[in-house]
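Hello,

Please find the structure below, handed over as promised. My notes on it come after it.

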Amino acid sequence: MFHNKRRAGALTALAAAAALVLAGCAVDSGSGGTGGTEGGGSDNLAITFLPKNLGNPYFDTSSAGAKEAIDEFGGTFAEVGPAEATPDSQVSYINTLTQQGVGAIAVSANDPEAICDALNEARDAGVKVVTFDSDTNPECRDLFINQATAEGIAKVQIDLIADQIGDAGEIAILSASANATNQNAWIELMKKELENHPNITLVDTVYGDDDDQTSFDKTAALLQTHPNLKGIISPTTVGIAAAARYLSTSEYKGKVALTGLGTPNQMREYVEDGTVTAFALWNPADLGYLTAYAAKALIEGTITGEEGDSFEAGKLGDYEVGADGTVLLGDPYVFDADNIGDFDF
Amino acid sequence: MTATTTTDAAVRTYRDYDRPLWQRVLLTREMAIIALLLIVALIAIPTVRGFSQPITLTFLLLDVMPILLIALPMTLIIITGEIDLSVASIAGLASVLTGVMTQAGVPFELAAVLAIVAGAIGGAINGFLITVVGLPSLAVTIGTLALYRGLAVGLLGTTAITDFPEFWTDLAKARVGGSNIPVVLFLFLVLLLVFVVLLHFTPFGRGIYAIGLASEAARFSGVRVERTKFILFMLSGTISALAGIYYTLRYGSARGDNATGLELQVIAAVLLGGVSIFGGRGAIHGVIAGVLLIGVLASALRLANVTSDVINIITGVLLVLSVVTSSFLAWLRKRRRAPGGTPRVEASTAG
């Protein structure tokens, strides 16, 4: 009797779990089919975007741009990604995409080295690899779509802060995570650019880990630690929005300048209430759009990623591949109270 | 066989012996998990596109390897009724130590050995605080979880070290000949053999169960409770450091945040594999099946374009269900046993 109960219990557990598995499979068999290799070979326009993590408005926007492009040329768009921005979880997804045999992977790398082997395995299996937003080592991908040159980004932010604080005083940087490839490169270049502004001192660099609450708290701590602070640069969209939210409700509003990289929808409120005068960014939707067209050109064999190759990118016009297999989207764009109303992303 | 067990059952109330051998082997939690693993794999092969490729096995084994490795000592520790939450931090610390020493010019092999020694020391610190000072393992290892992770991040700061000998990074991903079996699997199989013999076929291993069932009774029966636990925590630190070095080589990158959160995946797999969190019960084959079940599920669901949140939800529900079922069964057993003095025989005849 007892072991019958026990067996019944085990069977119940089994059945329940199997049901879950079946449910999972049922959900996906549809989408799995659409991500398929119907075309085969070089016509396989199944392009999957693998952002640093899901649920990040910046990547939601770039994926929307990518989807627009892929719909235009009749490919298959998909987006997968880990919940948290860690390199090892991206490796699992890259392996999965290799197994699925997609045409191209467009990835924003969480670590320039850690996902390299997985990407190279994908390329060995015939998958084209385009990095966007955050690059890997150049030997691990076919193309990197650069949103802006690091020099351009560093310069525009220093120019903006210099303009806003009268080219003199203490400033601080609120960055993303301490390991972030992009932000660290920009910060180094900003330090160089500051040599042209002898009256501006960079007193601190803090890391908000691209987490809203952490960035908010770090802003508060910065203002406590450095009472003479005149400006904050936050080269990350999460950081600048959190810092603006803190400033707008604090006594520092209008006294401490804030600039950096932000998206118009996140920053609109703070530009309109005067907390922020101007900030910069590229258009992530355009970035996704260009990435999708670059992936298409690679899949179809129009380009191989060599320097000097050129391809057509729908509404954005023609682009040429630069040194190290890099394609540059364009100059950073400055948003202020006069033009922010024209943008919705 | 049947005759002897029946007479035995009348005298002894030890529950395992009132059933024939095949039932004792097959009707266990471990077998339920193995069956579930097979069912999931069999469902996934025809329904999930790409799952049936041989390469799936390679990626799957490489992905779960750190969990498999650490699950071995974790199983033994949980059977004694203790827990070690610091394993992922020790893995991270070993990863960073290997990286820092390699960068400073120490040959990689020596650096790796030193990092494993550091892992053993880390485990010994846990063991010392738990057995000599007498603190609860949950509290001690939560503390060292933060401590070792802090050391790892502090040592390397914001950078990642990526310069390792290609021979070793290739070996971490190499496959045997032209097959899809990763070479690193053999390292695991050797350790598996050691742990199976240790747990199931030595007095030391039987002592581990005795401690988990009743620590005081074990002590009076001559089991050296403190020494056993100390050795287990040291083993756990050593294997975790080994897993950390594997992690470093597989991803070619020594970072302070390597293997963050791995301890929860290990413990989840161990519990799913039929080890009781209260100690005293569990077997290694169940744990291996538990690890593989979580890995196969995640792999199949990812291939089927299910998002990571849904994968986490399914794994979580599975774990809760498995713990609930085992508690429910234990409750049933207790209720059945409580009223009479020898309900076992009656129950058997009634069934």
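Predicted model: local features only at pLDDT ≥ 70, side-chain atom pairs only at ≥ 80, totals over all residues.

Residues are numbered from 1 along each chain as its sequence is written, and chains are lettered from A and ligands numbered from 1 in the order in which they are written.

Chain B

The secondary structure of chain B consists of 16 helices and zero strands (DSSP runs numbered from the N terminus, helices being H or I with at least four residues and strands E with at least two). Its C-alpha trace spans about 70 × 55 × 35 Å along the principal axes. Of the 351 residues, 48% count as buried (20 or more other C-beta atoms within 10 Å of the residue's own; exposed is 12 or fewer, partly exposed is in between, and C-beta atoms are placed from the backbone). Among contacts in chain B with a separation of 6 or more, 76% join residues 24 or more positions apart (a contact has C-beta atoms, placed from the backbone, within 7 Å).

Helices H5 and H6 of chain A

The axes of H5 (residues 150–165) and H6 (residues 181–194) of chain A come within 8 Å and cross at roughly 55° (lines fitted to C-alpha atoms over the stretch in contact, with angles from 0 to 180 degrees between N-to-C directions). That makes H5(A) oblique to H6(A) (under 35 degrees is roughly parallel, over 145 roughly antiparallel, 65 to 115 roughly perpendicular, the rest oblique). On the H5(A) side the contact includes A:Ile153 and A:Ile158, and on the H6(A) side A:Trp186 and A:Leu189.

Two residues

A:Thr291 sits in helix H10 (residues 284–300) of chain A and is buried, with 32 other C-beta atoms within 10 Å. Leaving aside residues up to four places away in sequence, A:Thr291 touches A:Ala66, A:Ala106, A:Val130, A:Phe132 and A:Ile145. B:Val196 belongs to helix H9 (residues 184–200) of chain B and is partly exposed, with 16 other C-beta atoms within 10 Å.

Regards

Technical notes: Contact = placed C-beta atoms within 7 Å.
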